[in-house]
Amino acid sequence: MATIPHQRVRGRPAHPNGPTFLTYTPDGTKLITAGSNNVIRVYITGSDGEPTNIDDCQDNNTALAANNDLFIVGAEDGSVRVYSLETYLYEKMLTRFTLPIRDVALSPDGNWAAVASDELEIKIVNTIDTMHALYIRDLPKPPKHLSFHPSGSYLAVSCTDGIIYVYSISTDEPTLTKKYDGLIRRLESDDERSSKAIWHPDGRAFAIPTVTRDVQVVSQDDGEKQRAFSGGHMGDITALAWSPNGAMLATSASDRKIVLWDSRTQKTIARYDYSGVINIAWHPHNNIFSFVTSEGELFIYPNFLSAENWRIFQKPPQPAPFIHDPLSDTSGNARKTLVNGIVKPHTKSRAERRGTPDSLDDILGPQSGGEEEDFVEDDDGAGYLEGINGHGKRSNGHLDGLDRPNVKRRTTYQTWQPEIHQAFQPGSTPWKGNRRYLCE
């Protein structure tokens, strides 16, 4: 797709040259930026006025996260500080490392902050009681990116060894649940290129930038590769972000392009020419898209989406792009919803048989008044005419009962559904994507 012609947005000088970061508050009222100087800027959404400057922070900020009440900044000196969005003042020291901070992530409820540095340790600190913390200490290499699952129960860690580690943090002792090798490239912790795993809003998958400059979707349950967003960039990806409803994906790369993708088709739907983009952010509700560059400039892009793409943005939450989506009922292999082992009463396994259009009775018409009408007379009381049904036929009430399965068992026969068994021996192929594949 060719680059869409649009009125170019002018950048705002926010920070000096160097790594620059931005984030919206969840309610979308504020946009916060941090960079290589000791000033943090807070912009009010919809206002053309000057931002609020907070200048009592450290130099060389390297990470930023926010909720509606506070924001957290990590710096190269290893400090992680908390600031109030009500008073715009420093509140407290969240934690401290001896080496530079590389990423900070807030849990969806805002109660926990995960912090990564060049050390082989991740701290997950309670934002209210900073003395309460969880620790991940089994990393072989320093972490580069952190990402909370939408439920807040899992934390994805992209490490400099090219491996993604997913930890369950629902208990006081984080446990490694999955490890994904060979998906991301090995990058230094201060590299502008991204290897971040971003969770889809529905929580069933995450997307990562690959060594082939594509974006790969990976299932969280079984680690299988799903759909991929391919061919959009000629340079390495520097940032990526799902739209709030998961219907679109935005990526930036070193090829001076911002690319907008349709999640359902994995096709590019828009391109924008901006160089040096290293971090991007969707507004949670409005048609606004913001990004920062390595030169410290901030771009706030109103009316970023065309009318057609804005309709996609306004859709209800969309599913992650799976190859065989377990939630989809469009294939013959999709499992139907069962009630007590049988199909729901309102569902029909096949169409009901319709009446014959040209039955014999319709052709001959009614036979009445003839001499042969009711020619059989039950003159000996043998019951020839007993049990006549509505169609003028004898019923089977005079017959003996047959040995046959009871009604409950017969109903199960008529609405048979496959029963899925767990793998019971080594080498058995698991059930994945509503299919069980044979060994190759």
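Modeller: Here are the labels and the rules behind them.
This is a predicted model: local features need pLDDT of at least 70, side-chain atom pairs count only at pLDDT 80 or more, and totals for chains, interfaces and linings use all residues. Residues are numbered from 1 along each chain as its sequence is written, and side-chain values use heavy atoms, with hydrogens and water left out.

Biologist: Why is Cys159 called buried?
Modeller: Buried means under 20% relative accessible area, exposed over 50%, partly exposed in between (1.4 Å probe, protein chains only). Cys159 has 1% relative accessibility, so Cys159 counts as buried.

Biologist: What makes Cys57 buried?
Modeller: The relative accessible area of Cys57 is 8%, so Cys57 is buried too.

Biologist: How many disulfides are there?
Modeller: A disulfide is a pair of cysteine sulfur atoms within 2.5 Å. By that rule the count is 0.

Biologist: How do you know that S14 and S15 pair?
Modeller: Strands are DSSP runs (E, at least two residues), numbered from the N terminus. Two strands pair if DSSP finds at least two bridges between them. S14 and S15 (residues 154–159) have 5 bridges, so they pair, in the antiparallel sense. Leu146 has Val157 in S15 as its bridge partner.

Biologist: Why are S14 and S17 called edge strands?
Modeller: The open sheet of 4 strands runs S14-S15-S16-S17, with antiparallel pairing. S14 (143–148) and S17 (175–181) each pair on one side only.

Biologist: What is in the largest nonpolar core?
Modeller: A nonpolar core is a set of buried Ala, Val, Leu, Ile, Met, Phe, Trp, Tyr and Cys residues joined through side-chain atoms within 4.5 Å. The largest has 23 residues; Ile280 and Trp282 are among those with the most contacts inside it. A second, separate core has 17 residues, including Val157.
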